[in-house]
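Let's take a friendly walk through this model. Have the sequence and the 3D view open as you read.

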Amino acid sequence: MNETDLHFFIDSTINYFEEVTGEKALTGIPYIKGKEPVILEYSGIIGISGKRKGCVYFTTTQAMLESLAHEILGITDAATETVKDLAGELANTISGNVREAYGSSFMISVPVVVEGKAKDIRLPENVQSFVIPITWKDFKSFLVVCLE
Amino acid sequence: MNHRDENINSTESNGELRGVHTDGNGSPANMTKVILRYIEEGAFFLDSQFNFGESFSAALEEILCVKELKGTNFLSLLENRVPEDIITNTREFLEIMFRPDLEEEEIYELNPLAETEFFYEDEWGMWTSSKTLSFRFKRVVEGGKIVALFSTVRDLSEERRLNQKLKQIEDHTQKQMEWLVNILHVEPDLLRDFFVGVEHEMENVDNVLKNTRETKKYFEVLENIYRSLYIIKGNASLLDLKFFSDKASHFLEKIVKIKDESEIDGNDFVPIVIELGELRSTLEEIKTIFQRISQFHNHFRAKRSYESELLVNSLKNLTQSLSRQLKKPVSFDYKDFDALSIPYTYRQMVRDVLFLLIRNALLYGIETREERRSANKSNIATIKIITFTDERFLGLVLRHDGRIERIERLLQKMITADYESEEERRNWEGISVSQLLFMPNMSVGDEQEILANSAMDIEILKRKLKEKGGRLKITFTSEEFCEFIVFLPLRA
């Protein structure tokens, strides 16, 4: 995993917020994921295979997704399904960008949305995972990238 | 159901399979089924629509890890198991295989599935396992027409896994050999201490990266990481682990580059976290090499007295090597240094503290030969280290007969500086000379870099002592000598 890869995933995520809501998200200081779980209430997970293998997930809070629903859909009381759909859409956007950039020699999975605080997301072993804190409108979330 | 496939039997002649039609009761078709039941390879027929025929080998489903293959489209089978570009190429290849105007031998090399990785999803839809499979395709010709393709598939996973492992070993061997040669000269205990020290500093970097939330503290974070890397580099140099100190230097350069920017955000830390990942991998690899050789070393485990001797020797080596580099002749006096009085838990700490003080003395305190001559001092400077203990403290003394250049310059600044405000003048006047030593990154004019580095050493020393509840006392005259006394509590 190199700087360009990591920047690419970060930019894809940050651009989503700016394009969809007009408000820029902020990147926090990235760090290497240890054994402690990095998981919030909703997580959109994308698997990557082919020439390079790995996994990327975006995990966030219900509050952030509700606020996002308000910005995009104009609704104040988003149903659980809507919130879940948004988590999927966010992951899907990242996935789409990755697919576009990495070309057809890579396999990008359809995002899987996990609801609720799971113990952790299982990531490929022996590959370093990087955690990038993302803040949008004071809501915290994390982008986790694990790519060999 | 595809009758054509069901009734195909095949024999090979001139590299081409000739189909044998039967009416369904004839022995050749039955024979095909019998053969397919017993062969261990995957074997199957594809019709012109690329669908699986009824006959395929019993091993096929197991090799492909797919059930109910009959009638399945081969290209659909590939979806979500191999990358899109391979599926596209396979479609084109199979279409060409059915074109009678092209010779089979000519297109054989175009087979995109000659060796390919098949990925398998888990219950989450993630590809967690894979197999390396090799497909071969042959035309089945009947009455001069290509009526089907006969394909065999072999599972090469184990073979490829071993090949990959071998390649990895080959790729790593040269690098690891270099590292091995580099660490062989270092005593195992020193190396163990080095690992502990590096891990401690890397943990510090991890914690700082993880726990900083406020954007305005980003430059502070950089300083903190810089200090840790500086210690790692210093410790690696002390043991002459060149490849590791080079890596740390490279890392430090990246930090300096970021520090030079007027504004930084989280994105600027990406190179740092990548470098950190690489440094960690390197450390893990060296530890693995070390573990392999340490079994051998354990048979010849050193006595405590020998370990103490090693500590003195490493400090002596550092002094001599810096003395040569800086062309400042130095005599290293350690007759009053009793390494055996240092508790095991403080060994690394004492090494780090003395390393910093020796380095600081040689770089910033001890004068050049010419300067010493003009100051009527002996050409050869002296660095003396001493240990002493009482009930509560372990004491370390480092005394050198150089001057404290930094203090001189700062005093000069105090005397001659053109203060910007009355407040600044009052601030300077209120500062004691000892305090000046501990002001981080305090600098004057063109000596900025030297002083910043010197301040960095002292900052690191301060941090290390604070961690252990230790303290530092300094006695000096501007020309004659400088003495650092470090107190480390013997009971926590």
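Which residue in β12(B) is the bridge partner of B:Arg471? The partner is B:Phe487. Please keep in mind that this is a predicted model.

## The strand pair around that bridge

The two strands involved are worth a look together. β11(B) pairs with strand β12 of chain B, which covers residues 482–489, in the antiparallel sense, and six bridges join them. As a reminder, strands of a sheet pair through backbone hydrogen bonds, either parallel or antiparallel.

## The sheet in chain B

Zooming out, β11 and β12 belong to an open sheet of five strands in chain B, ordered β8-β9-β10-β12-β11, with mixed pairing. At the edges of this sheet stand β8 (330–333) and β11 (471–476) of chain B; each has a single partner strand, so one side of each is left without a neighbour in the sheet. On average, neighbouring strands are turned by 15° against each other when direction is ignored.

A helix joins the picture here.

## Chain A in outline

Now over to chain A, which has three helices and eight strands. Read from the N terminus on, its elements run α-β-β-β-β-α-α-β-β-β-β.

Of the 148 residues in chain A, 43% are buried. Among the contacts in chain A with a separation of 6 or more, 65% come from residues 24 or more positions apart.

Note on methods
Residues numbered from 1 in each chain as written. Chains lettered and ligands numbered in written order. Predicted model: local features only at pLDDT ≥ 70, side-chain atom pairs only at ≥ 80, totals over all residues. Helix = DSSP H or I, 4+ residues; strand = E, 2+ residues; numbered from the N terminus. Buried ≥ 20, exposed ≤ 12 C-beta atoms within 10 Å, placed from the backbone. Contact = placed C-beta atoms within 7 Å. Pairing = 2+ DSSP bridges. Axes fitted to C-alpha atoms, helices over the stretch in contact; angles between N-to-C directions.
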